[in-house]
Amino acid sequence: MPKVHVNGIDLFYDIKGNGKPLVLISGLLCDHSYWSLIMPSLTSQYQVIRLDNRGMGRSSAPDSPYTIRQMADDVAALLDHIGIDRVHIGGHSMGGQIAQEFVLAYPQKAQSLLLLSSLAKGDGLFNSIIATWGDLLRHIDLRLYEQVVLPWIFTDAFYSIPGMIDQLIEFAVHYPFAPKSHSIYHQSRAILGCDTTNRLQNILCPTLVLVGKQDILTPVKFSQQLAQTIPHAELMVLDHGGHGFLIESPNAVAAAMLKFLDKLTPIKF
């Protein structure tokens with residue numbers, strides 16, 4: 001479980017599998033483990049590189065402002081450290097924002113882009129939710145925080161599975177690398193400060209935009225905007241699952257990602 005010192009922080013990363021490299025970037029509140037349920041499907045065909053964004057998991061958590069571009073630079077520095085020139089890169093939610101900034105800043109490093117439950121810029125409702133989440137952990141304990149956040153992440157069908165939500169809350173409360181309140185604040189403000197709307201047309205690599213039909217945090221309209229503006233993008237809407245479809249519908253998510261990746265041929269620049 002290695003770390004590398006880049007851009008003034010210690011960045012934790014994990015590499016599993018064999019094949020063409022695929023970078024996966026998590027969103028707000030989450031570290032690399034958020035991808036765990038789809039890892040067996042992906043690592044059978046790809047070398048999967050996951051990391052803990054600054055402020056999360058086992059990476060450094062400086063108490064200073066973060067930006068989405070800064071976190072994209074962290075990813076680029078990690079790839080330089082491990083000697084990988086070009087990757088497929090995917091991100092969930094805020095991780096998708098980081099992936100967009102990565103492709104825009106380092107187009108030569110990106111073979112394809114996968115945007116899961118992501119956005120170019122939040123609307124009023126989304127921004128209000130994220131701002132509140134950024135402030136809230138300073139005022140309540142983690143258990144109550146999870147109880148407030150999770151209804152925005154999972155569907156009623158998932159809530160109806162006996163004991164499932166309680167199990168997730170217990171996991172979060174006892175997780176040894178739980179996020180610090182200042183980290184959530186700084187990540188939330190990075191999300192609010194990011195806007196790729198007027199630069200999406202500059203993303204030229206093949207792009208998959210994937211979203212759950214029941215996502216109420218980053219609704220389908222956000223993904224439609226991405227898919228309509230990125231030149232070589234395709235939109236896929238999963239019938240089952242909300243914002244947390246990596247946990248709620250992992251098989252469907254993995255299948256969609258693999259279908260997209262497997263049909264790509266290398267692009268020459």
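Residues are numbered from 1 along each chain as its sequence is written, and side-chain values use heavy atoms, with hydrogens and water left out. Because the model is predicted, local features need pLDDT of at least 70 and side-chain atom pairs count only at pLDDT 80 or more, while totals for chains, interfaces and linings use all residues.

Helices (H or I, at least four residues) and strands (E, at least two) are DSSP runs, numbered from the N terminus. Axes are lines fitted to C-alpha atoms, for helices over the stretch in contact, and angles run from 0 to 180 degrees between N-to-C directions. H2 (68–82) and H3 (94–105) pack with their axes 8 Å apart, at an angle of about 65°. That angle makes H2 roughly perpendicular to H3 (angles under 35 degrees count as roughly parallel, over 145 as roughly antiparallel, 65 to 115 as roughly perpendicular and the rest as oblique). The crossing of H2 and H3 is right-handed; a crossing is left-handed if the near helix is turned anticlockwise from the far one by less than a right angle, and right-handed if clockwise. On the H2 side, Ile-68, Arg-69, Met-71, Ala-72, Val-75, Ala-76 and Leu-79 take part, and they meet Met-94, Gln-97, Ile-98, Glu-101, Phe-102 and Ala-105 of H3 (contact means heavy atoms within 4.5 Å). By class, the contact of H2 with H3 has ten nonpolar residues, one polar and two charged. Here Ala, Val, Leu, Ile, Met, Phe, Trp, Tyr, Cys and Pro count as nonpolar, Asp, Glu, Lys and Arg as charged, and the others, Gly among them, as polar.

Gln-97 of helix H3 deserves a look of its own. This residue is buried, with a relative accessible area of 1% (buried means under 20% relative accessible area, exposed over 50%, partly exposed in between, with a 1.4 Å probe and protein chains only). Leaving aside residues up to four places away in sequence, Gln-97 touches Ile-68, Ser-118, Leu-119, Ile-191 and Cys-194.

Another helix pair is formed by H5 (residues 142–149) and H7 (residues 164–174), whose axes come within 9 Å and cross at roughly 140°. H5 is thus oblique to H7, and the crossing is right-handed. Leu-142, Arg-143, Glu-146 and Gln-147 of H5 make the contact with Ile-169, Glu-170, Ala-172, Val-173 and His-174 of H7. Four of these residues are nonpolar, two polar and three charged.

Aromatic rings come next. Rings of Phe, Tyr and Trp (its six-membered ring) pair if their centres lie within 6.5 Å; planes under 30 degrees apart count as stacked, over 60 as edge-to-face and the rest as tilted. By this rule there are five aromatic pairs. In one of them, the rings of Phe-126 and Phe-222 have centres 6.0 Å apart and planes at 85°, so the pair is edge-to-face. Phe-126 lies in helix H4 (residues 124–136) and Phe-222 in helix H9 (residues 220–229), so the pair ties together parts that are 96 residues apart in sequence. Phe-126 is buried at a relative accessible area of 3%, and Phe-222 is buried at 5%. Phe-171, Tyr-175 and Phe-177 form one aromatic cluster.

His-32, in the loop between strand S3 (20–25) and helix H1 (39–43), is buried at 5% relative accessibility. Its contacts, not counting residues up to four places away in sequence, include Asp-14, Arg-50 and Asp-52. Asn-7 has a positive phi of about 50° although it is not a glycine, and it is partly exposed at 45%. Ser-93 likewise has a positive phi, of about 60°, without being a glycine, but Ser-93 is buried at 11% relative accessibility.
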